[in-house]
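Please look over the sequence and the structure below before reading on.

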Amino acid sequence: ASPLAHSFQLDYEHNCFLKDGAPFRYISGSIHYARVPRPAWRDRLLKMYMSGLSAVQVYIPWNYHETLPGVYDFTGNRDVEAFLDLTAELGLLVILRPGPYICAEWEMGGLPAWLLWKPDIILRTSDPAYLAAVDSWLHILLPKIKPRLYQHGGNIISVQVENEYGSYYACDHGYLRHLLGSFRALLGSEVLLFTTDSTRAEELRCGTLQGLYATVDFGPGSNVTEAFGAQRRVEPKGPLVNSEYYTGWLDYWGEAHASTSAALVAQGLEDMLQLGASVNMQVSPFLQLTSLPWPGADYKDQYKPVTTSYDYDAPLSEAGDPTEKLFAIRKVISKFQPLPVGPMPPATPKYAYGRVALRKVSACPQGCTAPARHCSTGQHPPLSLQYADLLDVLDVLCPSGPIQRQFPLTFEALKQAHGFVLYHTQLPRDVPNPATLGAPPHSICDRGYVMLQKEYQGTLERDGQTTLNVTGRAGDTLDVLLENMGRISFGANTSDFKGLLGNLSLNSKPLSNWLIYPLAIDTAVQQGWPHAALPESSSGGRVGPAFYTGTFETPGIAWDTFVKFPGWSKGLLWINGFNLGRYWTRRGPQQTLFVPGSVLHVGRPNNITVLELEGAPPTPLLLFLDRPLYNRTLGHSSTATE
């Protein structure tokens with residue numbers, strides 16, 4: 001065999017890649033296996049292949065696999081080796097992005113929250129504690145990757161080291177050198193290693209290193225010649241590469257849904273391909289799987305959590321449907337290389353299952369008085385509901401009981417990565433006149449739902465409202481439910497601690513004697529609660545944190561669908577124990593959650609669990625649609641039921 005057989009190299013003389021000794025350029029698209037249900041992996045990859053892409057770019061989120069120090073999960077949806085094997089089976093090359101930091105609008109940019117158990121750790125630097133954790137992870141991950149490298153007969157042609165490191169404040173080249181040494185030691189000397197940064201000169205200075213090929217990222221509307229000119233200033237020779245060509249943009253809660261025109265995206269792609277560049281498109285951001293823990297946040301003068309949906313006006317939609325933008329991209333690709341023979345696989349079938357009314361007792365829909373199992377109105381699926389205030393079920397959500405401390409502890413001090421922690425104390429004195437319940441600046445991370453004597457008072461919010469006026473008597477219970485809305489993944493120092501970072505005070509006098517409940521809500525729901533046993537609420541009311549559950553049956557099919565929350569405020573949805581993520585109807589823009597058909601049952605009831613945090617509508621119902629609604633902001637559709 002020729003020594004060039006199964007080689008992938010840089011050609012500095014002809015400014016291109018060499019694949020098996022021949023000039024080569026890739027046209028690639030990003031896909032996040034962690035955001036796509038495993039049953040849909042093949043469908044999404046096949047659609048990418050039929051679009052004319054020769055490669056896919058794949059992130060590996062460290063925190064998705066090393067959930068606790070030394071505890072690894074590569075099963076089910078986390079089986080990255082099975083995903084990589086599937087890309088090879090379908091004839092796609094892979095550009096791998098194993099981090100350790102990946103951004104990806106993912107919780108903490110893929111770094112595990114348990115790193116923050118050491119509060120003074122300095123992330124993404126040469127800090128010995130950080131490097132020790134990184135090296136331990138790379139020694140687990142990279143041996144799984146090495147046999148799949150192109151040089152070893154696999155399909156991984158290149159591997160990115162870190163991600164957009166130039167945008168991080170630290171500018172620690174010693175850290176990049178350490179990573180380069182680790183990647184070389186574990187993957188060998190032949191694999192092509194590269195970096196990606198924006199086109200800004202300062203970011204390219206801090207994010208690049210000799211021995212790592214420097215690529216850039218930019219979106220449509222950029223001057224392509226100028227953007228690649230920035231790459232040329234750090235890499236005078238070699239292939240032009242845009243490693244992240246933005247075909248859409250991310251959504252933040254409370255802002256308008258982002259969109260990018262298909263024509264602009266197609267024109268930018270054509271301009272780059274005319275120059276002979278290799279391009280990776282953010283083509284396929286899909287379903288935000290297990291959404292509760294994983295969406296991250298940006299920090300741009302303030303904390304900006306990203307939405308549950310990772311659709312972002314992508315060429316392939318959240319449900320895996322080809323869009324006008326995808327066909328515009330495919331048409332451009334056809335001008336430069338042959339397209340695969342055959343039709344594009346169709347959109348997945350959707351079903352509008354209709355209204356599911358959530359009520360406190362077993363009931364038939366709208367005026368039907370027969371027991372639910374006998375209901376034959378045919379208007380919508382029979383459903384039974386039970387309901388409980390969160391404060392009434394702490395024994396289920398925190399079976400080990402509370403921790404007693406003089407002052408609050410953070411999530412990290414409690415070794416709680418995601419979700420919710422409840423802080424409970426009592427008023428130390430009578431408060432006959434309104435007194436200010438307040439928190440120090442930057443100490444509510446990220447939202448605190450306040451209950452006095454189990455009555456919801458309002459919400460404290462990071463970079464928002466941090467005081468409430470309360471009245472009460474000495475000994476009255478005060479509960480604050482703290483929600484982690486996602487650790488910062490881009491835009492600031494990523495040491496983003498969660499919970500109450502400072503003490504609450506009443507008219508500036510600190511409160512003390514706290515009972516702290518780390519809540520394992522996701523675990524309880526996955527194990528069948530509350531459908532196994534849920535008490536009726538003793539305190540009643542529909543305001544404040546409470547669980548609503550019900551069941552519905554599909555009409556003999558389990559197709560993809562979208563759930564709308566008319567009149568609901570903010571909360572989380574599980575179906576059959578599967579966490580489908582946050583809704584925030586009042587703030588938008590996202591108004592629906594995608595439900596992949598693979599989580600639904602046929603021939604037996606589907607269990608719905610909703611945790612509403614602020615207030616359910618007077619007649620709680622969910623609406624199952626056959627299309628998403630992404631672009632309603634600030635409650636414009638909060639009571640709509642279309």
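## Overview

A search of the whole structure finds five cavities of 30 Å³ or more. On a 1 Å grid over the protein atoms alone, a cavity is a set of points where a 1.4 Å probe fits but cannot get out, whereas a pocket is an open set with protein on both sides within 12 Å along at least five of seven lines; lining residues have an atom within 4 Å of a point. Grid points are joined across faces, edges and corners, and a volume is the space filled by probe spheres set on the points.

The model is predicted: local features need pLDDT of at least 70, side-chain atom pairs count only at pLDDT 80 or more, and totals for chains, interfaces and linings use all residues. Residues are numbered from 1 along each chain as its sequence is written, and side-chain values use heavy atoms, with hydrogens and water left out.

Helices (H or I, at least four residues) and strands (E, at least two) are DSSP runs, numbered from the N terminus.

**Cavity and pocket**

- The second largest cavity holds about 40 Å³ of space.
- Its lining is formed by His 32, Tyr 33, Ala 34, Arg 35, Tyr 59, Pro 61, Ile 102, Ala 104 and Trp 106.
- By class, this cavity lining has seven nonpolar, one polar and one charged residues; Ala, Val, Leu, Ile, Met, Phe, Trp, Tyr, Cys and Pro count as nonpolar, Asp, Glu, Lys and Arg as charged, and the others, Gly among them, as polar.
- Of the 34 residues that line the largest pocket, Gln 416, Ala 417, His 418, Asp 522 and Thr 523 are the closest to its centre.
- At least two residues of the lining of the largest pocket come from each of β6 (66–68), β30 (514–519) and α11 (521–526), and α11 gives the most, with four residues.
- The lining of the largest pocket comprises 19 nonpolar, nine polar and six charged residues.

**Helix pairs**

- The axes of helix α1 (residues 41–50) and helix α3 (residues 80–89) come within 10 Å and cross at roughly 40°. That angle makes α1 oblique to α3. Angles under 35 degrees count as roughly parallel, over 145 as roughly antiparallel, 65 to 115 as roughly perpendicular and the rest as oblique.
- Axes are lines fitted to C-alpha atoms, for helices over the stretch in contact, and angles run from 0 to 180 degrees between N-to-C directions.
- The crossing of α1 and α3 is right-handed; a crossing is left-handed if the near helix is turned anticlockwise from the far one by less than a right angle, and right-handed if clockwise.
- In α1, the buried residues (under 20% relative accessible area; exposed is over 50%, partly exposed in between; 1.4 Å probe, protein chains only) are Trp 41, Arg 44, Leu 45, Lys 47, Met 48 and Met 50.
- Gly 52, which follows α1, has a positive phi, near 100°.
- The axes of α4 (128–145) and helix α5 (residues 173–187) come within 10 Å and cross at roughly 30°. The two helices α4 and α5 are therefore roughly parallel to each other, and their crossing is right-handed.

- Most residues other than glycine have a negative phi, and most peptide bonds are trans.
- The peptide bond from Gly 99 to Pro 100 is cis, with omega near 15°; Pro 100 sits in the loop between β8 (93–97) and α4.
- Cys 103 is found in the loop between β8 and α4. Phi of Cys 103 is positive, near 65°, and Cys 103 is buried, with a relative accessible area of 5%.
- A cis peptide bond also joins Cys 445 and Asp 446, with omega about 15°. Asp 446 belongs to the loop between β21 (444–445) and β22 (447–452).
- Is His 442 buried or exposed? His 442 is exposed, with a relative accessible area of 62%. Its phi is positive, near 60°, and His 442 lies in the loop between β20 (431–438) and β21.

- Met 108 lies in the loop between β8 and α4 and counts as buried, at 0% relative accessibility. The C-alpha atoms of Met 108 and Gly 296 are 6.1 Å apart, although 188 residues separate them along the chain.
- Gly 248, in the loop between β12 (241–245) and α8 (262–274), is buried, with a relative accessible area of 13%. Between the C-alpha atoms of Gly 248 and Asp 313, 65 residues apart along the chain, the separation is 5.2 Å.
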